[in-house]
Amino acid sequence: MIVIVLLVGNKGECSLPSGWGLIDREACSRNPYAISGIYEHEISKIDTLVEGVGCMDSTIKLTLLLIFFRIACASTVEKNFEQCERAVKNWASSSLQQSINEDQHTLKDLLFFLHVPRTGGRSYHHCFLNKLYPTSQECPRSYDKLRFDPSKAKCRLLATHDDYSIMEKLPTERTSVVTIVRNPVDRVLSSYEFAVEVAARFLVHPDLASVAKMSKQMLKKSNGVSTLDIWPWKYLVPWMMGDLFARRDARRRKGSSEAKRDSPYDMEDILMPLHEFIDEPIVHDIVHNGATFQIAGLTNNSYLAESHEIRHCVQEHKSLGQHVLDVAKKRLGAMLYVGLTAEHKESATMFANVVGAQVISQLRNANVSTDTSAANQSDNSSSSPLDSELESNVDQNNGTTDKKTARQDEGEARTENMTAAELIEVYEGCISSLLKTQSRRRFASLKEISPANFSKEARRHISDAVLQQIKTQNFLDLELFKYAQKIFTMRRVQPMGNLDMNDESERKFDQPRAFELWKIVSLLMLFILLLVFFLFATAWGRLSKVKVKGFTKATVRNHRRIVESKSLLE
């Protein structure tokens, strides 16, 4: 709103500088010292002040005006905080009162895999869930908005990047939620690397116009979904792509092609440096504290109308973040399974025991057909998000290879007779192949921005200042991660919890753990037997020597007696 204020002073040297009559009241919240944010009652005060000071020096007038403007701005900021506090608290109170399944150990009819980006979720979807659920039971994908009917009879698996707000569209009492949480610093670094990697694939094109043309052609030819269709990459990748093209064009104009820095996180001539990336508004809105906002249901992809207001209030007023964190913690604690990216092997084993065993039991009880080939032929419309993320929209040959590999992996037998231990073996074989495919893709992509090459070794050279800044910016995710670690530790110690399962299911659920225990007991028993045998053999040897020695002495004595007797007779 624009307000016209006439500040009238005496003529001559007492006049205020021209241009002070136009005041933008909305700009006040952005700059407390701006000539803005003045309410009508404040304006009247200023008019009175100016009329009273008369021919007072213009510097004093300006100082007095700034004081009043500062007071008005402080009032605006305070009112803004009060509005935010009220909105955040109302949402948090309502969310905490929502009913959540108390039985957090039993798999319900529908499994919702809440895939937090860059936590290793694609390996779970591709190498666990795709092996457990027939394609006919997978819910059609949701990338921006829900596109399936939750009442679909055979819909039993939903795996997407959607946030928790999608639960309002699902039968809550019949839905179990699982997720994976990662150290926020590693997740931010991985988000940066993946955005650069995917965007770099398009550098084979001369310009962005060529990329747009190619993308349209690819979409017409393929029924699948590319990375550019999936949240949050549909925002981050095009943005990063524009930056890479701009820097490449700048290098060509300068005639320079060599990087001036050794670290791939600080090669500003080739790609956006990491310290710039973490300060960008789009990164603040999507990446920072992304896990907390996603589990709380407050991303920019949320189904809640108030999500944007609440998210921005928390980003502006950090003290309000605790309310969002409380909601995220409650929902995390009620999930069927919470994995940790860093604890990969133990997380995978726990997933197989907690989720896999129950899915297998459900399939067996329902006599579900697991003929994967037939299922894939009958439902080609359901494409895997993983396959979509592995698709190459640039190199058609690479895309064909990746799709072929994915189909071969999906073609592995799914059966209700599979045990949790066998599921882990299948997972290990699948993920080995998947990692090789990803490594090839990554190498091909990063060639376009050589010599930049992301690696664990390169991460060690990131400055402490940048790492500390990431921690500060992700203060909510750090607390949520610590809470996830506690959940994981407790469930690792007592993975069974209070599972209400029949004897047969419980026996199969514990089969891998019982098998490991039996191996330990067997080895221990074998060791004891060997020890007893050794002691017995040693004792027997000593006893034999004593007996032989005694026998020899007795024989000698007898022989002497015989000789002496013969001598006497003679």
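Begin by selecting Arg118, which lies in the loop between β3 (110-114) and α3 (121-132). Helices (H or I, at least four residues) and strands (E, at least two) are DSSP runs, numbered from the N terminus. Arg118 has a positive phi of about 60 degrees although it is not a glycine. Most residues other than glycine have a negative phi, and most peptide bonds are trans. At 19% relative accessibility, Arg118 counts as buried; buried means under 20% relative accessible area, exposed over 50%, and partly exposed in between (1.4 Å probe, protein chains only).

The model on the screen is predicted: local features need pLDDT of at least 70, side-chain atom pairs count only at pLDDT 80 or more, and totals for chains, interfaces and linings use all residues. Residues are numbered from 1 along each chain as its sequence is written, and side-chain values use heavy atoms, with hydrogens and water left out.

**The whole protein**

Zoom out before continuing. The secondary structure comes to 21 helices and six strands. Of the 570 residues, 46% count as buried. The protein exposes about 30,000 Å², of which carbon and sulfur atoms supply 55%; accessible areas come from the Shrake-Rupley method with a 1.4 Å probe, and for residues only the protein chains shown count as cover.

Select Trp233 next, in helix α6 (residues 233-254). Is Trp233 buried or exposed? At 1% relative accessibility, it counts as buried. Not counting residues up to four places away in sequence, Trp233 touches Pro117, Arg118, His161, Ser191, Phe194, Ala195, Thr227 and Pro238. Here a contact means heavy atoms within 4.5 Å. The C-alpha atoms of Trp233 and Ser191 are separated by 9.2 Å, although these residues are 42 apart along the chain.

Now step back to Pro232, in the loop between α5 (208-221) and α6. The peptide bond from Trp231 to Pro232 is cis, with omega near 0 degrees. A cis peptide bond also joins Ser450 and Pro451, with omega about 15 degrees; Pro451 is in the loop between α16 (420-446) and α17.

Another positive phi can be seen at Asn289, where the value is near 55 degrees in a residue other than glycine. Asn289 is in the loop between α8 (281-286) and α9 (290-296), and at 6% relative accessibility it counts as buried.

**The nonpolar cores**

Select Trp91, Leu111, Tyr124, Leu332 and Val355. Of the 73 residues in the largest nonpolar core, these five touch the most other members. Helix α12 (residues 344-366) gives the most to this core, with nine residues. A second, separate core of 41 residues includes Phe194, Val196, Leu271 and Ile462. A nonpolar core is a set of buried Ala, Val, Leu, Ile, Met, Phe, Trp, Tyr and Cys residues joined through side-chain atoms within 4.5 Å. In soluble globular proteins, nonpolar side chains tend to be buried together.

Keep Trp91 selected and show its surroundings. Leaving aside neighbours within four places in sequence, Trp91 is in contact with residues including Ala296, Leu304, Ile310 and Val327.

An α-helix has 3.6 residues a turn, so residues three or four places apart point the same way.

**Salt bridges**

How many salt bridges does a search of the whole structure find? It finds 13, each being a side-chain nitrogen of Lys or Arg within 4 Å of a carboxyl oxygen of Asp or Glu.

- Select Arg459 and Asp186, whose side chains meet in a salt bridge (3.8 Å, N to O). Arg459 is in helix α17 (residues 456-459) and Asp186 in helix α4 (residues 184-200), 273 residues apart.
- Select Glu346 and Arg492, whose closest N and O atoms are 2.9 Å apart in a salt bridge. Glu346 is in helix α12 and Arg492 in helix α19 (residues 475-493), 146 residues apart.
- Select Arg460 and Glu457, a salt bridge with its closest N and O atoms 2.5 Å apart. Arg460 counts as exposed, at 60% relative accessibility, whereas Glu457 is partly exposed, at 43%.
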